[in-house]
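Here is a friendly walk through a structure that may be new to you. Take a look at it first, and then we can go through the parts one by one.

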Amino acid sequence: MPKCIIDGREVEFTPGQNLVEVAKKVGIQIPFFCYHPGLTVVAQCRMCAVEIEKMPKLQTACSTPAADGMVVKTRSEKVIQAQKATMEFLLINHPLDCPVCDKAGECDLQDFSFKYGDAYSRYTEEKRTYLDLDMGPVIKKNMNRCIHCTRCIRFGTEVAGIHEMVAVRRGNSTEITTVDGRPLETDYAGNYADLCPTGSLTLKDFRFKKRVWFLKRTSTICEGCARGCNMTIHQDNNVIYRCTPRENMEVNKYWLCDEGRFNFRYVNEESRVTVPMARGEVDWDAALAAARNALSGKKVAVLVGSDLTQEEAQLLLQFVPRHLGEAPLYHFGTPGIRSPQDDMPADRILKRKSKTANLHGLEKLGLKGFEALPSGTQAVLLVRGGRARLPELKGVVTVGVGVFRADEAQGFAAVLPGASFAEKDGTIVNFEGREQHLRRAINPPGQSKLLSEILMVWANSKGGTHV
Amino acid sequence: MLVKPKKNFLQRFYLVEVIKGLGITMRNLLFAPSVTIQYPEERRKYSERFRGMHYIKATNGVENCTACMLCPTVCPAECIHIEAGERPDKEKYPVKFEIDVLRCCFCGMCEEACPKDAIKLSTIYEMSQTTRQVYEKDFLLEQRGNK
């Protein structure tokens with residue numbers, strides 16, 4: 001492999017890699033704003049300037065591919081001077097509103113200004129200001145904070161496939177805006193907020209909810225569709241505040257769709273059933289008794305939501321023959337998607353048609369898709385994680401285990417509140433057969449229990465008066 | 001092993017030592033300057049930088065605070081609770097600003113961290129209450145100092 005020397009350290013690289021990536025290999029940080037590994041290189045922020053021997057001027061590291069024998073200096077006198085000048089230039093029109101800005105704490109501009117910039121501003125003239133138009137329900141724009149890195153423009157054209165962000169006018173009066181000031185149309189708008197190195201584009205949903213340094217992060221998988229995008233849950237004090245994409249070049253690269261990003265809302269929702277129910281709120285014993293009563297002596301079918309993990313499904317496969325006799329098991333999740341063959345790409349980027357994460361895993365375990373209840377079925381045990389769409393069930397006694405909204409659970413003989421995807425560990429299998437792990441970010445709310453606990457209590461307790 | 005100090009006869013003779021001791025007591029009683037004052041009629045003068053009851057500084061009737069959360073971040077006692085919100089005349093303001101004063105250790109770090117010159121510790125030190133008080137925003141907005 002060819003080698004180059006960065007700050008006196010020899011680094012091996014694969015041909016074609018740019019200097020930012022090569023330096024990252026040995027832990028040397030080159031600051032940048034406009035560069036993003038998932039987007040084309042434009043080299044217009046000038047922050048990544050480095051000194052290369054035998055080159056007369058400073059070069060931008062993001063647009064310079066490493067070459068064999070290249071000698072690069074990232075912290076030389078000249079480079080530090082250039083970084084300071086660039087920072088000062090970028091901060092000329094940047095308002096000093098970090099106390100208000102949601103990006104503060106994870107802001108590239110803030111971090112690099114602290115690390116590479118000057119503590120004082122020489123600028124005394126009036127800063128330019130803009131009037132911001134509404135950008136739809138996902139993104140809140142604040143053009144005053146923008147440094148014209150154009151990452152958002154490039155994301156739109158290159159990843160989201162829609163040219164909706166543009167730069168109008170030139171020079172000092174450049175404005176990044178949507179075409180004709182229309183609201184954003186893409187389903188991937190949340191990524192604009194992640195991409196933006198400043199607080200110009202921030203999430204409306206997360207606005208002023210929490211300062212980012214209070215958030216604890218848990219690496220997990222999105223349960224929004226059969227792709228299983230890698231994401232991070234940001235939580236504080238058992239409340240999820242947001243989800244952000246996590247880099248995985250083989251699944252979702254750097255992106256996450258809005259559906260998956262905001263899917264967590266049901267976890268903290270008011271109407272979620274978190275107390276055992278049996279025609280009203282009861283304790284666990286009474287609810288279990290009601291559940292057993294409702295199913296005993298009847299012809300039962302078990303519907304397994306394809307938002308459950310492999311472990312949970314396996315537990316059910318062992319539990320049902322022992323405690324519910326010959327009851328058949330089916331999986332359900334998305335109307336019209338019964339088998340892996342139905343699960344097609346829903347767009348050209350990430351989304352899949354199956355709106356539950358583990359359809360392919362349950363098929364692997366031998367479960368069949370739900371079409372209609374076998375004739376003569378009197379009772380149904382409904383197990384789901386919270387995302388699977390409930391099928392229409394009429395004329396049967398229903399017992400629900402898992403996450404339900406109060407209105408969904410209306411008419412159920414019993415509800416045993418379970419854990420959502422953010423509250424349990426487990427394995428899910430995406431459409432390529434890739435096994436990925438859900439991680440527990442928060443505790444189940446109220447009296448909810450994990451499915452394993454519920455089944456254990458069910459199996460081991462007499463649980464009431466019915467037998 | 002305990003070593004008993006050797007004492008001479010006078011020291012062992014109880015009465016002499018007692019009279020000596022009483023002498024010290026009487027001297028302090030009659031001639032030493034008193035360290036107490038007649039509170040509340042008399043009051044001590046404290047430094048301008050004394051750290052007492054909190055308040056949020058307001059400029060032209062608008063609170064300086066923008067709910068940046070730096071004070072709850074730096075607070076070692078975790079006694080400050082803020083909820084941020086938006087209103088037409090101010091992009092970000094504290095909807096809720098509570099100080100659990102029983103937890104507060106009056107270190108003044110909040111004052112130091114505040115970028116907006118909003119949270120202040122006044123020189124008021126008479127803060128006893130008959131209930132377990134949490135200072136609400138309205139209470140904190142009373143301007144009770146000139147810092």
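Two residues are in contact if their C-beta atoms, placed from the backbone, lie within 7 Å. Helices (H or I, at least four residues) and strands (E, at least two) are DSSP runs, numbered from the N terminus. This is a predicted model, so local features need pLDDT of at least 70 and side-chain atom pairs count only at pLDDT 80 or more, while totals for chains, interfaces and linings use all residues. Residues are numbered from 1 along each chain as its sequence is written, and chains are lettered from A and ligands numbered from 1 in the order in which they are written.

Let's start with chain A as a whole. Along the principal axes, the C-alpha atoms of chain A fill a box of roughly 90 × 50 × 35 Å. Of the 467 residues in chain A, 45% are buried; a residue is buried if 20 or more other C-beta atoms lie within 10 Å of its own, exposed if 12 or fewer, and partly exposed in between, with C-beta atoms placed from the backbone. Taking the contacts in chain A with a separation of 6 or more, 65% link residues 24 or more positions apart.

Now for a sheet. Five strands of chain A make an open sheet with mixed pairing, in the order E2-E1-E5-E3-E4. Its edge strands are E2 (9-12) and E4 (59-60) of chain A, each pairing on one side only. Two strands count as paired if DSSP finds at least two bridges between them. In general, strands of a sheet pair through backbone hydrogen bonds, either parallel or antiparallel.

E1(A) and E2(A) form a hairpin with two residues between them, and Asp7(A) in the turn has a positive phi of about 50°. E1(A) pairs in the parallel sense with E5(A). One face of E1(A), with Cys4(A) and Ile6(A), is covered, while Lys3(A) and Ile5(A) are on the uncovered face.

Further along chain A there is another hairpin, made by E19(A) and E20(A) with five residues between the strands; there, Gly433(A) takes a positive phi near 85°.

| Strand pair | Bridges | Direction | A facing pair |
|---|---|---|---|
| E1(A) and E2(A) | four | antiparallel | Lys3(A) and Glu12(A) |
| E1(A) and E5(A) | two | parallel | Ile6(A) and Val72(A) |
| E19(A) and E20(A) | four | antiparallel | Thr427(A) and His437(A) |

What does helix H2 of chain A lie across? H2(A) lies across strand E3 (49-52) and strand E5 (71-73) of chain A, and runs at about 165° to E3(A). Axes here are lines fitted to C-alpha atoms, for helices over the stretch in contact, and angles run from 0 to 180 degrees between N-to-C directions.

H2(A) also meets another helix. The axes of H2(A) and H3 (residues 108-116) of chain A come within 10 Å and cross at roughly 140°. H2(A) and H3(A) are therefore oblique to each other: angles under 35 degrees count as roughly parallel, over 145 as roughly antiparallel, 65 to 115 as roughly perpendicular and the rest as oblique. From H2(A), Gln83(A), Lys84(A), Met87(A), Leu90(A) and Leu91(A) meet Leu109(A), Phe112(A), Ser113(A) and Tyr116(A) of H3(A). Those contact residues divide into six nonpolar, two polar and one charged, where Ala, Val, Leu, Ile, Met, Phe, Trp, Tyr, Cys and Pro count as nonpolar, Asp, Glu, Lys and Arg as charged, and the others, Gly among them, as polar.

Let's zoom in on Leu90(A), which sits in H2 (residues 77-91) of chain A. Is Leu90(A) buried or exposed? Leu90(A) counts as buried because there are 22 C-beta neighbours inside 10 Å. Leaving out residues up to four places away in sequence, Leu90(A) touches Leu109(A) and Ile147(A).

Finally, on to chain B. Five residues of chain A are in contact with 11 residues of chain B. On the chain A side, these divide into four nonpolar, no polar and one charged. Within chain B, Ala113(B) belongs to helix H4 (residues 109-113). Ala113(B) counts as partly exposed because its C-beta neighbours inside 10 Å number 16. Not counting residues up to four places away in sequence, Ala113(B) touches Leu70(B), Cys71(B) and Val74(B).
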